[in-house]
Amino acid sequence: MTVFTIFFCGTGSTKYDSLHENYWNGELVSTLANNMGSREFADWVVINGPGSGNLQADELFTEPKGYGWTGAAFGKGWHENVQHALNLVRGKCDWQRTKLTEAEYVRLKNAGLPVHKVEETDSWLWRHYDYGDRKVTLQQLQEQIIKTHRKGGVIPSQINLVGWSRGGVSCHMLANALLVDPALRKIPVNIFAIDPVPGPLNSQLEKITLSSNVKQHVAFYARDERSKGFACVIPDTHPTTQVSIFPMAGRHATLVGNASLTGASGPGVLNEPGILVRHYAERCLTRWGAQLTKTLNLSDQDVSRLHQSIVMQDSSFRKMRDQSYVKITENTGQERSVTYKGKTAAFGKVAGHPFNPIEGLAATLAKGNSAYQTILK
């Protein structure tokens, strides 16, 4: 049977960010996807985030739309991303790209995507472009890959979800969407989320709750983020779900590989949080049956040394709390504002049942390797 892994990029982020200059060793989600050794579409897929320019419009399994600035501001387009992922799980598209408008062609070409040579087939005012002599669409090709290479049938036996930012919230949305389909509701789901942030006006139940189909939920949260509108969400889970949440030093982007002192852009030296989160993402994915060709393979001593380095540089991480991606900061009781059980709470107050370890987001970063034993089993 097939273990299918879906990677959801964050707001404004794409599958190509494994080479982005803002990340010292590649943005985490795109890098993990890039290191998958099995077959794309049959065993795994990476989906660009809302507000990223919709550069995957040519290959989606559902019809894309243009959202412009509302993609980054409000997450417009992530419902299409979730539907695309749902259709990939089923192995069947509900839309195919057969033609490109001139604007669509230029946008994809300018982004450096491999768009085939085209022919004009309509008037100059409503010009459409054909894919030359191609007899099948990309969606048909991908459907055939799924049909041929998924073992034991098209429907996967297990689904792993990985996401950062709104990509993390997209994991919640997809897990809940699977429950609506009688053919998919019994598939066990594992989630690895990195600082899931829904953004303003996005606290609907499918974004902040999880049901019994989620067997394991592991998430890392940025302790030092203070940007207005960046309250992270700790989902309300089913009693049968194993839930492990961890605080990590740094800001929203620090956790996925930005090492700068501001946690925003450019090179830097604060790479310990990104290394640790990547290591445990790799450990969880490997344990869940994903086939990664390249992993950090940190030893227990490596993890403890990285935590020691974080503690030694604590003042640098704390200075990040004065930074904001939107020029305005917010906090709750001098801590980061989070959403838990549908209400705003202080970061360090999210602890106790049902979390394992019980310290939840109140855990000390000085604990080191011993903090993560529950997610290694």
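## Terms and basis

Helices (H or I, at least four residues) and strands (E, at least two) are DSSP runs, numbered from the N terminus. This is a predicted model, in which local features need pLDDT of at least 70 and side-chain atom pairs count only at pLDDT 80 or more, while totals for chains, interfaces and linings use all residues. Residues are numbered from 1 along each chain as its sequence is written, and side-chain values use heavy atoms, with hydrogens and water left out.

## The whole protein

The protein has ten helices and twelve strands. Of its 377 residues, 55% are buried; buried means under 20% relative accessible area, exposed over 50%, and partly exposed in between (1.4 Å probe, protein chains only).

A contact means heavy atoms within 4.5 Å. Among contacts between residues at least 6 apart in sequence, 77% join residues at least 24 apart.

## Arg150

Arg150 sits in the loop between α5 (138-149) and β6 (158-164). Arg150 is buried and has no salt bridge, a term for a side-chain nitrogen of Lys or Arg within 4 Å of a carboxyl oxygen of Asp or Glu. The nearest side chain of opposite charge is that of Asp43, 6.3 Å away; for charge, Lys and Arg count as positive and Asp and Glu as negative, with His and the chain ends not counted.

The side chain of Arg150 does reach two backbone oxygens: that of Ala42 at 2.9 Å and that of Val154 at 2.9 Å. Leaving aside neighbours within four places in sequence, the residues in contact with Arg150 include Phe4, Phe41, Ala42, Leu88 and Pro156.

## Positive phi angles

Phe41, one of the residues in contact with Arg150, lies in the loop between α1 and β2 (44-47). Phe41 is not a glycine, yet its phi is positive, about 80 degrees. Phe41 counts as buried because its relative accessibility is 10%.

Lys341 is in the loop between β11 (337-340) and β12, and its phi is also positive, near 55 degrees, in a residue other than glycine. Lys341 counts as exposed because its relative accessibility is 53%.

Ser13 belongs to the loop between β1 (3-8) and α1 (28-34). With a relative accessibility of 2%, Ser13 counts as buried. Ser13 and Pro50 are 37 residues apart along the chain, and 7.8 Å separates their C-alpha atoms.

Pro354 is in the segment after β12 (343-346), and the peptide bond from His353 to Pro354 is cis, with omega near 10 degrees. Pro357 lies in the segment after β12 too; the peptide bond from Asn356 to Pro357 is cis, with omega near 15 degrees.

Technical notes
Polar contact = N/O pair within 3.5 Å; in protein donor to acceptor, adjacent residues only side chain to side chain.
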